[in-house]
Amino acid sequence: MEPKLITLKINGRTHQVALKPNVTLLRALRDLGYTDVKNGCEKGDCGACAVLLNGRPVNSCLVLAWQADGAEVLTAAGLGTVDRPHPIQEALADSGGVQCGFCIPGIVVVAKALLDRNPNPTEEEIREAISGNLCRCTGYSLIVEGIQRIAESKESSESPEAKSNKAPTL
Amino acid sequence: MANFKVVGKPIRRFDALSKAVGATLFADDFKMPGMLHGKVLRSPYPSARIVRIDPSRARALPGVVCVLTAADIGYAKMVADIPGQTGQRERPRSETPVLAWDRVRYKGEAVALVAAETEEIAERALELIDVEYEPMPGVFDPLEAMKPGAPVVFEPDNIVARWRIRKGDIEAGFAAADLIIENTYRVPFVEHAYLEPEAGVAWVDERGVINIRVSTQVMEHFRTVARTLGIPQNRVRIQGAFAGGGFGGKEDITVEVFLALLALHTRRPVRLVYTREESILAHSKRHPYIMRYRTGVKRNGRITALRVELIADSGAYPYLSPYVSLYSTVVATGPYRIDNVWVDTVAVATNNPFTSAFRGFGGPQPCFAYERQMDEIARALGMDPLEVRRINYLRTGDTTATGQVIHSAALLEESARRALEALGERTPDRGPIRVGRGFASYMQPYGRLMWLHDTSQAWVGLELDGTVVIRCGAPDPGGGQLSSLCQIASEVLGVPLENVVAYTPDTALTPLAGTTTATRQLYMSGNAVLQAATAIRKTLLDRASKYFEEDPEDLDLADGRVFVKNDPDRSMPLPDLIRICAAEGLPLSHLAMFKAPFRDPIDPETGQGDVFPDFTFGAFAVEVAVDTETGLIEVLKSAACHDVGRAINPAAVIGQIQGGSHQGLGYALMENLIVENGEIRTPSLSEYLIPTSVDYPTTQVILLESGTGLGPFGAKGIGEPAITPVAAAVANAVSDALGVPIRELPITPERVLKALGKL
């Protein structure tokens, strides 16, 4: 089949790209320069390529780019930057949950989806949510603690000074 | 410097946030203009003769720029021996063909290389390379491979390495025993499964130097690349990207030589990235072992003799098997004082996937055997497992089986006791669910073999504004090595941590610091940075002493200032002092080389001699619930207690220990790279299972800090030790729960039911 012009809205930016039907969203994203989306297996086994598709976490290697035509895609880089990190990114860096870091962008977006629908998850719920994201370095505990910290700090963020003035809101 | 300001604090690593926002450029995230895409054609047979290779159809495919076979690269061979930054000569027979031409010895062996304008064209080109194979008989079991008449994997025979230890009088030792315990233990192939598959980009620059930006644990492979290609060593530059995990699997050369060949032949930048399946096919595995243990023991629990036979499957090429099997030999006794020891180790070639370095480097396998054996002894004598060990534990000043004296603290009893205590109250049995507890102690070296004459270099420099640059060629595959170096420099120079930058390793930019392997990087490069920073500190304080008219010892550096210790108001901002030094031409940078202690090789007949700079000691304890109807095992609680000497960054140390514990739990309970007739039957992450976030609960970590290690501020190494005792502890816990011994990993439900006689 011939390439088709599709529209991908990635991290708030609109891209129009001509892609063949067999191109995965993962490939399309990386080719467009979104290298924060990692390729760990291309089979849906590891979760390193996870992104939010219209707010829902997906393994972008299991989605064809055509299926994302017109959809909103959010990657870890769209959530925050070094200068304006998202609280989840800040918390994972602080907790020691980042070692080699290859799995982290995928975990960041999955955690975002979790906290969006459940602002106060239990440890078990966090573990369940990231169970599709493999990590070989940390044993997961410090990652889980980091995500838990977000939930806790959000609870206490009624007081304005508890909120980082740099960070965008969730 | 008793009161540390930065060292010992659980700081956020400088690389963490950049990774969390996805800004870090890993090896596969880097592009060059006009970049080609490389692919590797691999053998579909574990043992075959190559009759013919015809790349002409592939070469004719539009978009293909280059196809290389062995004939095109002068039948090049690569030395796959231990990567040396020293003058150590490699062992004989350690070469492997870069591309096979007359025969293939394992499934996945490289046969041809392609570079094309797109990845898809490169893949298509692989299909168009015509290779005619004639399958040959292979050998897939090390016991079979040792028999006369077995197929020979490579000439002259299948013996890759032999090691032995002869200490004391083994016969007298057994004669003095009241009881002899004899068992055979088996462990499987294990896959590293780092999240980032092998990747790199190479190009030839304007000076004719081949640049390779790659995910690696070893910068010094530039020498191997040069030698393999027959070009001078100063014509190869390696830039080490932050690696997405290594665990030993990126210690051997991966994509470097292929990339260099393709870049040199095409004169264009080339990218080569393995798929997950290719990664599993192409890199080394942890060695399977067969381990026969025969222990003589007195009724009071004192061990009188130990005879060990270790058989390791080296796979199709030696790679680091001679060294891994040596490590296993040296630690075969475990951390115990045994006067009469006899160890015979052999590493055997087969047509299986090749085996090489994997976190622990031959340490976890014998730990499974020696710690299961200790529990068997305790059981036979009706003694408490900790008591039997306590009677036999090595202590500071004792000698190991090779005659090496332990100089550092050996907190074996304390670590075991603390780990066991951390488990808290015992969970009761529930119907068919039986609860068991076990622990394991261990010894694991840190630092390389002393006859490798290991060194690390680091350059530390002060800028005029008081900021600090560290140039140190230490790869960081995730352990936070570079961040810890920053902490050390920050501490010594009294500069805020955020004012210290450490470059990622680059042979054109950073002095060589040796490999990130053997739990050596903090020990070696930490000391090199400490030396360099201390030299600069001396320059600063000597000059400041003239200014303040005080002795240098009465001055200190902290928070970016120099000050008089007992009158801190008399102080000067560091940039002012730096300007004075600079105006007088005083050196504000220093290149230091740290040398590990050097020794001659051990006696090959007796194994006697000093082998490693030092050892880390500790313990892992675990409580499991075993369903005796289904065989399923649940980890209920676990605790790790290690003497890390000094935790430079406790957050990083805890991360290493929890990560190592999880890998060890996987080794104990689920990880099994199944190889049948040389074929990997678990070639993906949906078949080769590693622990997920829901498999095991958090491992409690207890840090002991004896301050007696050889690393900076008394640190010992923890990267590898973190995994060493885990599988043994789990096996002891399951054996405790069932009342029958477990002697093989992984402990699958099937093995549990077999142990219970239900299958």
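Chain B is divided into domain 1 (35–136 + 198–273), domain 2 (289–449 + 601–755) and domain 3 (455–595), with bounds that come from an automatic or database domain assignment. This is a predicted model, in which local features need pLDDT of at least 70 and side-chain atom pairs count only at pLDDT 80 or more, while totals for chains, interfaces and linings use all residues. Residues are numbered from 1 along each chain as its sequence is written, chains are lettered from A and ligands numbered from 1 in the order in which they are written, and side-chain values use heavy atoms, with hydrogens and water left out.

The centres of domain 1 of chain B and domain 2 of chain B, taken over C-alpha atoms, are separated by 36 Å. Their contact (heavy atoms within 4.5 Å) takes 24 residues from domain 1 of chain B and 21 residues from domain 2 of chain B. Between them the two domains bury about 1900 Å², 56% of it on carbon and sulfur atoms; buried area here is the accessible area (1.4 Å probe) that two parts lose on being put together, summed over both. On the side of domain 1 of chain B, the residues that lose the most area to domain 2 of chain B are Ile82(B), Tyr106(B) and Phe247(B), together 29% of what that side buries.

One salt bridge is counted between these two domains, a salt bridge being a side-chain nitrogen of Lys or Arg within 4 Å of a carboxyl oxygen of Asp or Glu. The side chains of Lys107(B) and Glu679(B) meet in a salt bridge at 2.8 Å, N to O.

Within chain B, Arg103(B) has its place in strand β6 (residues 103–104), strands being DSSP runs of E of at least two residues and helices runs of H or I of at least four, numbered from the N terminus. At 12% relative accessibility, Arg103(B) counts as buried, a term that means under 20% relative accessible area, with exposed over 50% and partly exposed in between (1.4 Å probe, protein chains only). Beyond residues up to four places away in sequence, Arg103(B) touches several others, including Ile50(B), Met136(B) and Asn351(B).

Helix α6 (residues 221–229) of chain B is largely enclosed by the rest of the structure, because seven of its nine residues are buried. The buried residues of α6(B), among them Phe222(B), Val225(B) and Leu229(B), pack against β4 (77–79), β12 (210–214), β13 (236–240) and α7 (256–266) of chain B. After α6(B) comes Gly230(B), whose phi is positive, near 70°.
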